[in-house]
Amino acid sequence: MSEVSLTAIDHSTDKNASLKQRLLRAEGSYRRRSMLLIAPLLIFLLISFVLPIGNILWKSFDNPEVVRALPTTLLALQGWDGESRPDEKVFVALVKDLKTAKDEGQIPSLIKRLGYEDGRYRTLLTMALRKLPDDGVESTSRSLIAQSTLWAEPSTWRSIQRAGRTLTAYYVLAAFDHQVDAQSGNIVELPKGQALYLSVLMRTLWMALVVTLLCVLFGYPVAYWLAKQPSSRANLWLIMVLLPFWTSLLVRTAGWIVLLQNGGLINHSMIALGLIDQPLQLVFNRVGVYISMTHILLPFVILPLYAVMKGISPNYVRAAVSLGAHPFRAFWSAYVPQTFAGVTAGALLVFIMAIGYYITPALLGGPGDQMLSYFVAFYTNTTINWGMAAALGSQLLIIVLLLYWVYSRVTRPANPAQRA
Amino acid sequence: MSSVPPYVRFRGVQKSYDGEQLVVKKLDLDIQRGEFLTLLGPSGSGKTTTLMMLAGFETPTQGEILLDGKPLHTVAPHQRGIGMVFQNYALFPHMTVAGNLAFPLKVRRMSAVDIELKVKRALDMVQLGHLAQRYPAQLSGGQQQRIALARALVFEPSLVLMDEPLGALDKQLREQMQLEIRRLHRQLGLTVVFVTHDQAEALTLSDRVAVFNDGVIQQIDTPKALYEHPCNSFVAHFIGENNALPGTVVSVSGAECRVRLADGSEVGARASTALSAGEPTSLSIRPERIALNVPSANSLSGRIEELIYLGDHVRVRLNVAGHEAFTAKVPIADMHDDWLAGHTVPVSWFSHDASALDPLVHH
Amino acid sequence: MFKKIAVLALMAGAASQVQAQQLTVVSFGGLNKQAQEKAFYQPFSKANNVDIEAGEFNGEMAKIKAMVETGQVGWDVVEVESPELVRGCSEGLFEPLDWSKLGDKKQMIDSAASECGAGIFIWSTVLAYDSTKLAKAPAGWADFWDVKTYPGKRALRKSAKFTLEIALLADGVSQGQLYTVLATPEGVDRAFKKLDQLKANIQWWEAGAQPMQWLVSGDVVMTSAYNGRVTAAQKEGHPFSIVWNGSLYDMDSWAIVKGSKNKALAEKYIAFANRPENQKVFAETIPYGPTNTLAIAQIDPKVRGDLPTAPANLKGARSVDTDFWIEHGEELEQRFNAWAAQ
């Protein structure tokens, strides 16, 4: 058989080129029509995914505040050597810029931005703005330096220059607990009391991992049991599994508070049963977050597992038993490996969803249980530091992409046939 | 049967799944060592359940199964040492061919050297030594079947169960595999219990065939006996082609009887089942036992309805005694040129080729 | 078909112009909003044939900023806290107010009439507890730290603002010196050090309703809380008490979002809300202090004692320093987050 087809190909190699062209021509219109069909989807994806994500990535480097507020100052600083005290014209330009910026309402964002370089610049600028030297003053530099000697230090001006670039690494550095030291200009680690995001990142990954493991641990037997049920009953139970999806996440989370709090149902019952004397702290800590997140994400591991398990014939375990394996070993070595695809699919789904969890830890956890998304929301809503929010969001995005890449490498099947 | 104690014995075995219906009603069956026994029957007849009970995956609701004289329920399924080949093979998709074959040896904690040797020998036995490192999904159906066979044999069980193992193969491959299974059975001195619904396969392979219907063994016999001397209409119909003519028993004398057919003509037949005069019966005659144009004692006239020329023989469909689907298979050499549809020819058979069986319940 | 729709749309547009005007007022939700509906929204819409679209938010300036920046201003009047008011005003997110249109500026208390904001009420963050569960009444934030006398968890708002002040007050800093101390790095360290002592016993709240629920469920024995929430809970029959000593008060203000399409109507609304008789209704519904000096005299004397502005309550109280939080807020919140997350 194979020999015949091989010779057939040999005969036609000389015609291959033209055949290929003819094939392309023949299928060209078909392909164009199918492209047209999926065009709405492509446009939707572009608008709803690619553009916002691109925007977020851009925002984590975008640095418009100082460029917009102090254009002449930055221009005047161009000729400066970076070591000595800048010329008088730089000070004059600064005062002029500050006056314009005040009228245009750019002062708060300017102060905020320069404050990121060094907290002292906030007070420095506030003071300067309160008593801006008049145009007629003899020496603008002297009157500013009279307010604060910081104006005399080259590092202040270097910081303005650094903050005055159109792109900044500040947010991305901060997302990894680093900053550019205002004095030396070197990248340094944030001091211990301020460093936060690396540990939050680690915590986010860890919590997502724990939740994933718990989901697999609890979801696996449930899916197995479901797969063993006759279809009609399994469908009913599947509806039960899906039931929580019909209520909002907020309601489910709030429901857990009611159950888990000190005066809640669980503590109440356990005290009534005499199991404990004092209520257990089950909520507003890690325990509550784990319980609730596991509950909420469990269906995402049960469903793919169920789908995979439903397709595995009971004969595999029987075969292993007939070959002499103890039922447990038969299950472990003949059944479980065949569910790996379901386990990894479910686990990856849960992990990626867990990594971005926000509401549940915010409501059920303490401050030590907040995940990265909480800080994204914090910077977006509370402090309106969208650069920081974008940098943390990008961090999360990149880590998810990295993990996915690792996952696809690790799980790439050894034999091509299994991929089918 | 014989004085040698049976290797496997089913004693009064019953099985019900739902507590209402018996899938296996009453099973008494002895299997001799070295025998190739096929359980044959339509789906739902209880043959697979019987096999699964022997394998230990189902428990009899009543009765017991003895293996080599020991009650089987005292031995856990994985300790029975029974090789099994499954429908669709059940090769572990995540293991290579070698891994699949090594599995039963690994669970028996054999040394790596022994395992390698035995795996190689088993693969050579099915002539697939070169595929050791492939995964099942990369093999053809026939190759998978051989691997499944090799895996069931690699740990040298003396009893091998096969559950419709050839069902998924095309005809050519199936016939090839049948020969292979026969060869292995003889070569290794195995006892094989084979389940199939394909009667040709059963006849090809088996020393004895147990025909199942409705949870009961209808007949258990050698292929020849089953074919030539079916004990009831079900067996006669299930195995091979069969002409059934309804009639009434006129007289019985020993193993012979006279039967009056629907058109009033009387013919002689073997009385296979206990029948007495006056009872309704169904006369069973194999198509190849029928002669046309040869007048004899049992001679009727039949009108030719249709002729199908098949090269080695000709199939003639006739209307005989009011029965329109009466078929005769006539060797080409005996064919006459004037046999045309509409012609009437004498139809005859030897009395000992016809069996008077239980009357057919018409569907 | 399309023509028909276009005609219908035009007709609908024309009809809506005949109908009542619409004004979108967005405030902090909950009991506060309920009181505002009663005191301001309903009488205003009745008197002027205006539909008030009442929204809620949590004071996130992000939404307002996004609206102003994209030019899609859907909100007209918003309720904001003082730092947000000042910051938003200088960032150009709010319209500057023309006080000639908003009523008598002289009737308002000092800080209530600012460049972009008209004060609505004075509210206070107080210490609240369940009086049936504590043997001895706590006297101030120092007792809040006394886990021996008052074992159990305490709740605080999860923000540097209030928390750092409370820590310093508990550590013995006087009300007058509070922000002077907090403005120094040593003062901040001192506050965090004080917080370290209590950290294990603190349960953090973010929404004003949470601490009340926790007092009811017994999850916490003491909490910081908005005084209006506590009084409302008392009205529902909960045996809660307020410690006014060490309370921190601030003002909420109305502001008009820059680019509001209903600016004139918005001004009319603010003028309405500034009137003493309307502020009286508000204060009697939820006990927050009026900003119109004439309103105080009109308020039911029984309610007057519950207001943060009652002289007795003001004695140990301190106003939140808006300028301090504008200048140091982000830095301190960042450090607070880092501290709390450890």
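**View 1. Strands S17 and S18 of chain B pair side by side.** In this predicted model, S17(B) and strand S18 (residues 323-331) of chain B run antiparallel and are paired over seven bridges. To find your way along the pair, look for Arg315(B), whose bridge partner in S18(B) is Lys329(B).

View 2. A handy landmark is Arg303(B), which has Asn319(B) in S17(B) as its bridge partner. S16(B) and S17(B) form a hairpin too, with three residues between them. Its turn includes Gly311(B), where phi is positive at about 85 degrees.

**View 3. Chain B meets chain A.** How many residues does each chain bring to this contact? Chain B supplies 21 residues and chain A supplies 20 residues. On the side of chain B that touches chain A, the elements giving two or more residues are strand S6 (82-85) and helix H2 (97-107) of chain B. H2(B) provides the largest share of that side, three residues. Sorted by class, the side of chain B that touches chain A holds 15 nonpolar, four polar and two charged residues.

**View 4. Two domains of chain B.** The domain assignment divides chain B into domain 1 (8-233) and domain 2 (241-357). Their C-alpha centres are 39 Å apart. Where the two domains touch, five residues come from domain 1 of chain B and seven residues from domain 2 of chain B. What classes of residue does domain 1 of chain B bring to the side that touches domain 2 of chain B? That side has two nonpolar, three polar and no charged residues.

**View 5. Transmembrane regions of chain A, as given by UniProt.** The unreviewed UniProt entry places the feature "transmembrane region" at residues 35-58, 205-227, 234-259, 287-308, 339-364 and 384-407 of chain A. Let us look at two of these spans. Residues 35-58 of chain A are 100% helix and 0% strand, and the end C-alpha atoms of this span lie 30 Å apart. Residues 205-227 of chain A are likewise 100% helix and 0% strand, with 31 Å between the end C-alpha atoms.

Definitions and conventions
Residues numbered from 1 in each chain as written. Chains lettered and ligands numbered in written order. Predicted model: local features only at pLDDT ≥ 70, side-chain atom pairs only at ≥ 80, totals over all residues. Helix = DSSP H or I, 4+ residues; strand = E, 2+ residues; numbered from the N terminus. Nonpolar A, V, L, I, M, F, W, Y, C, P; charged D, E, K, R; others polar. UniProt positions renumbered as here; feature names shortened; annotations may be inferred. Pairing = 2+ DSSP bridges. Domains from an automatic or database assignment.
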